Amino acid sequence: MKKNFCLAISAIIILFLFLSGCGTYGQSTTGGGAAQATAPLTDTKLVTVGFSQVGAESDWRNINTDSMKESLSAENGYDLIYDDGQQKQHNQITAIRTFIQKEVEYIVLAPVIEDGWDTVLTEAKDANIPVILVDRMVNVSDPDLFTCWVGSDFELEGHKVCEWLNEFCRANRINGNEINIVNIKGTEGASAELGRTKSLKSAVSRYGWNLLDERSGEFTQAKGREVMSQFLKEYDNINVVYSENDNEAFGAIEAIEAAGKHVGSDIKHGEIMVLAFDGTSDQAVEAVRLGRITCIGECNPLHGPRVEKIIRNLEGGITPDKYEYVDEGIFSADQSVKSVTIGDETYEVRLP
Ligand code: GYE
C-alpha cells in the first residue's frame with residue numbers, strides 16, 4: 001500500500017517535470033493557426049516547419065492554407081511558422097531567409113511564380129534545410145535545390161477542359177471557327193497559368209478556335225471582373241470565356257451580367273459559356289450545378305496530408321518521390337459530353 005502511494009507520488013513528480021520541460025517547444029513564433037501550447041507527451045520535440053504560402057487570392061488558396069495548417073499542427077507534432085506572401089515573390093524570399101535564420105528543420109514553399117528562386121534556394125541548401133515544394137513549381141538550374149514537389153498537372157487540367165469544349169462542339173454541331181474565346185489568365189509566370197495557357201494555345205491551333213484576346217486576372221475575382229468587362233467593351237462576339245480559376249470566373253460572370261448578357265452553354269442563342277479550373281468551393285459547386293459555369297477542370301487543394309507525410313518519411317529516413325502528381329477529374333452539369341480522353345486516360349465528366 002505504502003509502496004503504491006510512493007510510486008504514484010513519483011509518477012506525478014516526473015510528469016510535472018516533463019511538462020514544464022516541454023513547454024517551450026510548443027511556443028510558435030507566428031500565428032500558425034491552432035494555439036501551440038505543450039508538446040504531446042509522446043513527443044520529445046516538435047518538428048519546426050516554415051511554410052511560405054502564395055497569398056489568399058482565391059478560394060482554392062484558402063482551402064489549401066487550412067489543409068496545410070491542419071496537417072502541420074502541434075497535435076500532429078509540428079511547430080509551424082506560417083507566412084502569407086501576398087502574391088509577391090520578394091515577400092516569399094524574405095520569409096525563406098527568416099526561416100533559415102530561425103533554423104527551421106523544413107521549409108515548405110508554394111512559389112507564386114516559377115522563375116527567380118536559385119539564389120534563395122541555394123541559401124537554404126547551404127544551411128542544410130530541405131525544401132519541399134507544394135502546388136506550383138520552380139524553374140531552377142539545379143533540381144537538387146529542392147527535395148521534392150507535390151501538386152497538380154496544370155497542363156493536363158487544361159487539356160481536359162479544351163477537349164471537353166471540342167467534344168461539346170462536335171455533339172452540338174458547332175464548327176471550331178465559330179468559337180470566339182477569351183482567356184482570363186492567372187498570375188503570369190505561375191505554373192498554373194503556364195500549364196493551362198499552354199493547353200489552350202495548342203487546342204486553339206488544333207481545333208481552329210478564334211482566340212480573341214488574353215489578359216491576366218491574377219487569379220482574383222475583382223481582377224477577373226475588371227478584365228472581362230474590358231473584353232466585353234472591345235469584342236461583341238465573345239461566346240466562350242476560358243477562366244484560369246473559379247474566382248476569376250465569378251468575376252467574369254458578374255461582368256457578363258452587368259453588361260446585360262447571359263451565361264450558359266447555349267452559345268448558338270447568344271449565351272456566353274464560362275469554363276474554369278478548381279471546383280473546390282461551395283460557390284463553384286453550385287455554379288456548375290446551375291450551369292452558370294459550364295465546365296471546370298478539377299484542381300485539388302488538399303495538400304496538407306501529403307506534405308505532412310513527406311516530412312514524416314524524411315524524418316524516418318525515407319526518400320520521397322521527387323515529383324508527386326495528384327489525381328483530378330472534370331466537372332459539368334451538361335449532358336452532351338460524357339467523358340474526355342487525354343492520351344491513354346479517359347475521364348468521366350461528372351457533377352462536383
Ligand atoms: O487554381 C488558383 C490559385 O496554383 C493551383 O492558384 C493553384 C492556383 C489555383 O490561386 O485558384
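The backbone nitrogen of Asp-334 lies 3.0 Å from a polar atom of the Ser-332 side chain. Polar contacts here are pairs of N or O atoms within 3.5 Å; within protein, one atom must be able to donate a hydrogen and the other to accept it, and residues adjacent in sequence count only if both atoms are side-chain atoms. The model is predicted: local features need pLDDT of at least 70, side-chain atom pairs count only at pLDDT 80 or more, and totals for chains, interfaces and linings use all residues. Residues are numbered from 1 along each chain as its sequence is written, and side-chain values use heavy atoms, with hydrogens and water left out.

Ser-332 lies in strand S12. Helices (H or I, at least four residues) and strands (E, at least two) are DSSP runs, numbered from the N terminus. Ser-332 is buried, with a relative accessible area of 5%. Buried means under 20% relative accessible area, exposed means over 50%, and partly exposed lies in between (1.4 Å probe, protein chains only). Leaving aside neighbours within four places in sequence, Ser-332 is in contact with Trp-164, Val-288, Thr-294, Cys-295, Val-349, Arg-350 and Leu-351. Contact means heavy atoms within 4.5 Å.

One of these partners, Val-288, belongs to helix H9 (residues 282–289). Val-288 is buried there, as are Ala-284 and Ala-287. Seen down the axis of H9, the buried residues fall within an arc of 95°, so they line one face of the helix. The arc is that of the directions from the helix axis to the C-beta atoms. The buried residues of H9 pack against helix H8 (246–258), strand S10 (295–298) and strand S12 (330–332). Just after H9, Gly-291 takes a positive phi of about 75°.

The chain as a whole comes to ten helices and 14 strands. Buried residues make up 50% of its 352 residues. Among contacts between residues at least 6 apart in sequence, 69% join residues at least 24 apart. The mean pLDDT (the predictor's confidence in each residue, from 0 to 100) is 90, and 88% of residues reach 70 or more. Over residues 1–42 the pLDDT is below 50; beyond near neighbours in sequence, this stretch has 39 contacts in the model. Where pLDDT is low, the predicted coordinates should not be read in detail.

Strands S6 (residues 180–185) and S7 (residues 210–216) run parallel and are joined by six bridges. Two strands pair if DSSP finds at least two bridges between them. Asp-213 in S7 is the bridge partner of Val-182. With helix H6 (residues 191–207), S6 and S7 make a right-handed β-α-β unit. A crossover is right-handed if, with the strands pointing away from the viewer, the path from the first strand over the helix to the second runs clockwise.

Arg-215 is also found in S7. Its relative accessible area is 27%, so Arg-215 is partly exposed. The side chain of Arg-215 makes a polar contact of 2.9 Å with that of Asp-213. Another, of 3.3 Å, joins the side chains of Arg-215 and Glu-234. Beyond neighbours within four places in sequence, the contacts of Arg-215 include Asn-183, Ile-184 and Lys-185, along with Val-227, Gln-230 and Phe-231. Val-227 is twelve residues from Arg-215 along the chain, with their C-alpha atoms separated by 6.9 Å.

Two loop residues have positive phi without being glycine. For Glu-218, phi is near 50°. Glu-218 sits in the loop between S7 and helix H7 (221–234) and is partly exposed, with a relative accessible area of 38%. For Gln-86, phi is about 50°. Gln-86 lies in the loop between strand S2 (78–84) and helix H3 (89–101). At 55% relative accessibility, Gln-86 counts as exposed.

Strand S13 (residues 339–342) has alternating side chains. Four bridges join S13 to strand S14 (residues 345–350), and the two run antiparallel. Tyr-347 in S14 is the bridge partner of Val-340. S13 and S14 form a hairpin with two residues between them. In the turn, Gly-343 has a positive phi of about 60°.
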